[in-house]
Amino acid sequence: MSRIIIKNGVFVTMNEAKPLVHGYMTVVGTTIQYIGEELPAPLDSYDEVIDGNHRLYMPGLVNTHGHAAMSLLRGYGDDLALQVWLQEKMWPNEAKFTAHDVRYGTLLSIVEMLKGGTTSFVDMYDHMNEVAKAVEETGIRGCLTRGVIGLCPPEVQDSKLAEAKQFARDWNGKAEGRITTMMAPHAPYTCPPDYIARIVEAAHELNLPLHTHMSETAREVADNVEQYGLRPVAHLEKLGLFSRPSIVAHGVHLNDEEIAALARYDVHVSHNPGSNLKLASGIARVIDLQRAGVLVSLGTDSAASNNNLDMFEEIRLAALIHKGISGDPTAIPAASALKMGTLDGAKSIWLNNVGSLQPGYKADFIAIDIDQPHFLPRSNFISHLVYSASAKDVTDVWVDGKCLVRSGQCLTLDEEKIKREFELCFTRLTGGK
């Protein structure tokens with residue numbers, strides 16, 4: 001096993017006992033072995049010695065909701081309401097996606113995520129074998145699920161569910177454990193109730209968590225009441241979705257009773273502030289969710305609705321917008337926002353020993369260039385990461401102790417080939433317009 005030591009580093013650990021360490025961190029194989037102020041062993045006992053001068057090290061970012069291949073539709077159908085955007089722009093074009101398109105849309109997103117410091121991501125999409133292969137090849141960590149839309153004939157529903165189950169069986173725990181899987185009915189408005197119940201049954205059978213979109217817009221909630229006589233939370237509760245460990249995306253339009261129900265069932269919420277703002281879906285009640293004990297993490301959603309995968313931007317938005325709407329500048333402190341994008345993100349998708357820099361945790365970490373004007377003075381690094389940093393400040397990225405990005409260059413990806421193939425896919429799908 002390789003032995004790596006970083007010296008002269010500044011480490012933001014996400015460990016409440018010692019959130020900031022100046023000194024050394026060692027990695028043995030895939031795991032952090034030591035972090036502290038004292039040199040733990042002679043430097044010549046390590047295979048690689050990294051000088052951390054002018055660098056800040058922190059856990060890799062965890063993006064808990066997205067659709068990576070939708071980078072192919074970035075900027076295609078902007079400034080539209082969600083249902084119009086979906087039904088007129090997204091779904092007709094996504095129907096044309098081939099496995100090859102999904103591969104290169106996903107690879108481009110992985111390039112963007114890795115270079116921006118994201119080391120773990122959730123993906124809900126189609127042609128998921130291609131997504132899993134991309135994760136396996138590139139070294140990133142992925143929590144993957146075949147998203148299932150049930151607005152189709154019964155035989156197609158059966159085929160999609162069988163495919164989702166097989167994908168989960170085939171890939172859960174693969175890529176040296178970097179791939180985990182979930183089951184995912186796309187949303188209450190795209191899946192009939194009996195179909196959701198069948199997907200829940202499959203999750204029990206496979207002992208897997210569930211992921212779905214829920215209460216993203218006011219219209220969605222109103223339509224659910226009109227169609228089924230229940231708001232989405234009660235509807236999904238009735239169908240048994242919360243009988244499995246669950247993470248819901250968005251959760252924007254929730255009342256007090258629904259927040260209490262999510263807390264009671266320990267349902268996790270992926271907060272997607274950038275996407276929700278762009279689609280004018282609203283602002284989730286994150287402060288109330290956290291006060292109720294609901295675990296809230298952060299996601300970008302797709303590059304088609306965001307339009308980037310910069311998790312630093314989501315962290316900053318989470319810290320700012322809830323101050324603005326509450327009138328309370330202490331609503332989401334910087335440290336809490338950063339935790340939502342790291343440790344809480346890992347917990348939200350049931351990743352063990354991920355999201356913090358401490359002994360025994362996975363060596364998923366990133367380096368930030370702090371020798372820049374917007375990181376001066378060196379007064380409060382956590383504040384600077386939340387309110388000043390961006391994806392472009394990331395220089396190096398490790399997952400499972402393996403360096404995937406060095407000095408801003410991807411080591412496991414042919415970025416030029418990916419960009420070239422991606423452009424060809426986009427041109428074929430849209431005529432280049």
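Which residue of β13 is the bridge partner of I247? The bridge partner is H268. This is a predicted model, in which local features need pLDDT of at least 70 and side-chain atom pairs count only at pLDDT 80 or more, while totals for chains, interfaces and linings use all residues. Residues are numbered from 1 along each chain as its sequence is written, and side-chain values use heavy atoms, with hydrogens and water left out.

Strands β12 (residues 246-250) and β13 (residues 268-271) run parallel and are joined by three bridges. Strands (E, at least two residues) and helices (H or I, at least four) are DSSP runs, numbered from the N terminus; two strands pair if DSSP finds at least two bridges between them. The open sheet has four strands in the order β11-β12-β13-β14, with parallel pairing. Because β11 (210-214) and β14 (296-298) each have a single partner strand, one side of each is left without a neighbour in the sheet.

The largest nonpolar core has 109 residues. Such a core is a set of buried Ala, Val, Leu, Ile, Met, Phe, Trp, Tyr and Cys residues joined through side-chain atoms within 4.5 Å. Helix α2 (residues 99-115) gives the largest share of this core, eight residues.

The structure holds zero disulfides, a disulfide being a pair of cysteine sulfur atoms within 2.5 Å.

| Cysteine | Closest cysteine sulfur | Relative accessible area |
|---|---|---|
| C143 | C191, 18 Å | 2% |
| C425 | C410, 18 Å | 3% |

Both C143 and C425 are buried, meaning under 20% relative accessible area, where exposed is over 50% and partly exposed in between (1.4 Å probe, protein chains only).
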